[in-house]
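Subject: Structure for you to look at

Hello,

Here is the structure we talked about. Please open it first, then read the notes below alongside it.

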Amino acid sequence: MPAISLQTHRQLVNPWIWLTLLSATIISLPLFVVFSNIIVPGNETWQHILKNLIPTYVLNTIYLMVGVALLTFLFGVSTAWLVSMYRFPGRKFFSWALFLPIALPAYISGFTWAGILDYTSPVYVFLRNTFGIDTGQYLFFNILSLPGAIIILSLAYYPYVYLISRAYFSRQTSSLFEVAASLGKKPFKIFYQVALPMARPAIVAGVSLALMEVLNDYGLVRYFGIDTFTTGIFTAWFAFSNPQSALKLSAYLMIFVLGLILLERFQRGQMRYDIDGSSYRPVKAVNLKNTHAVGAFVICSIPFLLGFLIPLIMLIYWGSLTYSYVVDYRFAELLANSFILAGIATAVVTVFALFIAYTVRSFPSRFVKLLSKVATLGYALPGAVVAIGILVPFIWIDGKIGTFTTTGVRIAITGTWFALVFAYLVRFMAVGYNSIDSGMEKISKSLDEASTSLGLSYFKTLRKINLPLLKGSLISAALLVFIDVLKELPLTLILRPFNFDTLAIRAFEFASDERVAEAAPAALIIVITGMIPVLLLNFLIERKN
Amino acid sequence: MNILELKNITKKFPEARDPAVYDFNLTVKRGEIVALLGESGCGKTTILRMIAGFELPTRGEIYINGEIVSGKGIFHEPQVRKVGIVFQDYALFPHKTVWENITFGLFHLSADLATNNAEKIIELSGLKGLEKRYPHQLSGGQKQRVALARAMAPEPKLILFDEPFSNIDSFRKNQMREDIRNIIKNTDATAVFVTHDTRDVLSIADKVSVIKEGKHMQTDTPDKIYNNPVNVYVANFFGKTNFIKAKISKEGFKTPLGIIKTTDQIPAHLNEVLLSIRPEEFTINPESQDCFCGNIVKERFMGDYKELTCKVENPDGEDTEIIIHVSPTLNCRQHKCYFKPNDGKINILRDE
């Protein structure tokens with residue numbers, strides 16, 4: 001008898017596991033393409049990039065990461081602490097509104113602020129003419145700079161820190177704070193001696209997410225003229241026409257990402273900050289009065305106003321000026337392109353995520369769990385890296401099977417919707433997967449077992465038991481993926497078919513051409529769509545209460 | 001005919017150091033109700049899940065109806081095993097009505113036949129009138145009946161129960177046990193159930209298998225297990241008992257109490273043994289000369305009986321305390337008690 005275990009035997013004959021293996025392999029292919037290029041020696045272009053450009057990329061990337069880490073920590077933790085520990089006017093509103101800036105992509109917020117602070121901006125003109133405020137070429141300061149980029153990126157991504165630390169603070173049990181208070185600690189000391197160290201893993205996790213987004217960003221740094229790895233990848237690909245250098249840059253950027261992930265894992269370590277459920281008593285919020293209440297209100301207002309409301313009002317104002325000639329049949333086409341593309345990508349991601357999550361649930365083993373991890377790695381990768389990792393093998397495939405075009409180049413899948421949708425699958429698999437997986441975890445495993453023991457196949461069990469019970473998670477998974485695709489920029493810019501535009505690309509291109517006002521309608525649609533899940537979530541929580 | 005046979009089943013979970021189930025054997029005959037009994041975490045539920053096909057044994061073979069379903073490179077998925085299972089949490093489909101739950105496994109039957117089957121089992125389990133309700137509109141006992149009906153509807157050869165009575169109010173338990181036993185016996189099904197409650201076992205099982213830390217201890221009828229446990233663990237599991245060290249001699253058992261005479265056959269190869277005598281297996285008889293005499297050091301009224309703790313002095317060594325259950329109306333004079341173990345009720349713990 002062969003020396004394989006029953007477990008291995010079952011996996012070998014199981015189509016679910018084979019299909020998961022196949023999916024995970026294909027989805028992680030771009031990753032391995034990029035990674036394998038670290039060791040390949042580069043050509044002359046690469047030598048030039050390595051010598052003259054990489055030092056700048058590394059420095060700028062580090063500046064951005066340090067700056068954003070500090071600012072998102074400041075915005076996120078201070079507001080989360082206030083909202084979960086104190087009662088003050090506007091607290092209820094801020095508790096969800098502070099998450100809204102997530103709907104405003106950094107590149108949109110970036111060109112909007114650049115527009116607001118520009119010499120010709122309606123705000124500056126108004127201030128100058130009415131109050132005689134004149135601060136030179138820019139209102140206050142030139143936002144198109146490294147500090148400016150740090151501020152905009154932090155305003156766009158602090159909600160990650162806010163959300164995770166708020167969840168953590170409000171889960172903390174009041175007795176911990178009471179003990180600290182009974183030992184004579186002042187509120188601020190309780191904050192940084194008890195609450196902060198306890199919430200550290202959560203806060204670092206939030207900051208790491210924000211930093212991932214920073215590494216992913218292309219639109220903002222490009223617009224602000226800051227050279228980082230992502231802009232370098234674009235330069236290598238489009239300006240130098242040197243795929244190999246683009247690949248190597250991608251590989252370098254990936255090292256940053258992996259370093260970040262490892263660092264986060266390492267700091268989390270074996271520590272468990274779980275709260276003993278039996279003695280859990282939610283923290284009772286303290287009433288703030290007078291100046292304290294005003295202070296809390298102001299602290300919460302700053303990121304909300306700067307990160308969301310002011311840019312939104314500005315966009316609406318510009319949109320009202322330009323929509324009459326910007327919104328034409330070509331705009332409708334743009335809208336259709338974006339929504340259909342996002343719709344297809346969402347459907348594909350949801351189906352794959354559901355399939356893999358259900359395989360892990362039904363046939364759990366170390367091997368299958370590893371496959372699910374591999375299939376969801378793409379989310380850690382910047383869009384530009386994913387795009388390059390796809391483009392290189394796709395061009396190779398084109399060379400084998402493509403038909404000749406008029407320019408004498410073989411084309412089959414490069415620059416098609418297929419390539420784009422595949423790239424979104426790689427990049428956003430984790431978004432769909434995590435949402436569906438956590439939904440499935442809430443369904444008792446014995447329901448599946450009851451169904452299979454009654455003779456229903458795994459597929460029928462998925463259809464009749466899991467799907468109906470998963471409805472909510474599926475909707476939220478789909479919504480999150482849809483919005484991510486809608487606002488995606490770097491990956492779409494590299495992989496899009498010839499002459500194909502999306503809302504995000506059009507908004508970015510208008511803004512890059514110094515036609516910020518004309519970018520507003522497309523930007524507004526992205527922002528308003530992005531607000532839907534935040535509002536929906538808030539609505540559901542309200543109804544539950 | 002054997003409906004179920006487990007041969008040398010071992011299960012080791014990858015993250016665990018020790019096997020959850022170790023070299024376990026079990027045979028279940030047609031029509032039997034067999035209980036797997038043990039403390040929580042002893043591996044009994046794992047055994048049940050391996051029978052159903054939810055877990056894969058690391059070693060060993062499982063036969064259902066004489067056919068191998070697991071082992072020797074063969075693994076049958078739960079779908080083809082045709083085993084019914086009633087879960088501890090009932091696992092009723094929350095988005096389906098009672099009727100839809102019960103007919104869920106009848107998809108392979110014609111509509112008429114399915115309706116017929118379902119109506120029969122609904123009648124039998126006393127669920128008439130509840131067909132249109134959803135699980136959240138049912139009481140705990142009703143949920144369990146639905147879970148049972150759903151598992152029984154496809155008429156499986158074998159039906160498994162995971163802790164069937166753990167979520168039932170204690171005053172309903174007896175009725176529920178009786179009902180379930182009747183349903184199983186009336187439908188000619190075979191059942192295996194997992195429990196940690198000896199009362200479940202004594203009232204409905206035909207056969208009991210006691211498990212400790214994944215290892216098999218003893219399999220026998222409830223009566224045999226109660227009266228003739230093979231070791232201290234099994235003896236203790238089924239309630240109080242007196243353990244007495246004894247040397248075998250010609251007259252009988254030589255114990256710290258004195259010589260206990262017996263008409264039982266004593267295995268010849270044994271020399272020193274441990275005896276177990278249940279507290280109710282003593283005869284109180286102040287007149288008899290054969291009796292042992294003890295001082296009553298504790299007396300507890302337990303309702304339908306009285307528990308006496310008697311200290312028997314031993315001039316050669318330590319005193320022995322014997323627990324005896326007597327009629328609540330019995331009164332002993334001067335705190336003395338004359339007692340004698342009943343013949344045939346002195347059990348030698350063979351595995352100690």
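The domain bounds used here come from an automatic or database domain assignment. On that basis, chain B is divided into domain 1, residues 2-232, and domain 2, residues 240-349. Please keep in mind that this is a predicted model.

How far apart do the C-alpha centres of the two domains of chain B lie? The distance is 40 Å. Where the domains touch, domain 1 of chain B contributes 6 residues and domain 2 of chain B contributes 5 residues. On the domain 1 side of this contact there are 3 nonpolar and 3 polar residues, and no charged ones.

Now for chain B as a whole. Its C-alpha trace spans about 80 × 45 × 35 Å along the principal axes. The chain holds 9 helices and 21 strands. Of its 352 residues, 38% are buried. Among contacts in chain B with a separation of 6 or more, 64% are between residues 24 or more positions apart.

In chain B, 5 strands form an open sheet with antiparallel pairing, in the order 14-13-12-15-21. Its edge strands are strand 14 (258-260) and strand 21 (347-348) of chain B, each of which pairs on one side only. Strands of a sheet pair through backbone hydrogen bonds. Strand 13 (residues 253-255) of chain B runs antiparallel to strand 14 of chain B, and 3 bridges join the two. To find the place, look for T255(B), which stands opposite G258(B) in strand 14 of chain B.

Regards

Definitions and conventions. Residues are numbered from 1 along each chain as its sequence is written. Chains are lettered from A and ligands numbered from 1 in the order in which they are written. This is a predicted model: local features need pLDDT of at least 70, side-chain atom pairs count only at pLDDT 80 or more; totals for chains, interfaces and linings use all residues. Helices (H or I, at least four residues) and strands (E, at least two) are DSSP runs, numbered from the N terminus. A residue is buried if 20 or more other C-beta atoms lie within 10 Å of its own, exposed if 12 or fewer, and partly exposed in between; C-beta atoms are placed from the backbone. Two residues are in contact if their C-beta atoms, placed from the backbone, lie within 7 Å. Two strands pair if DSSP finds at least two bridges between them. Ala, Val, Leu, Ile, Met, Phe, Trp, Tyr, Cys and Pro count as nonpolar, Asp, Glu, Lys and Arg as charged, and the others, Gly among them, as polar.
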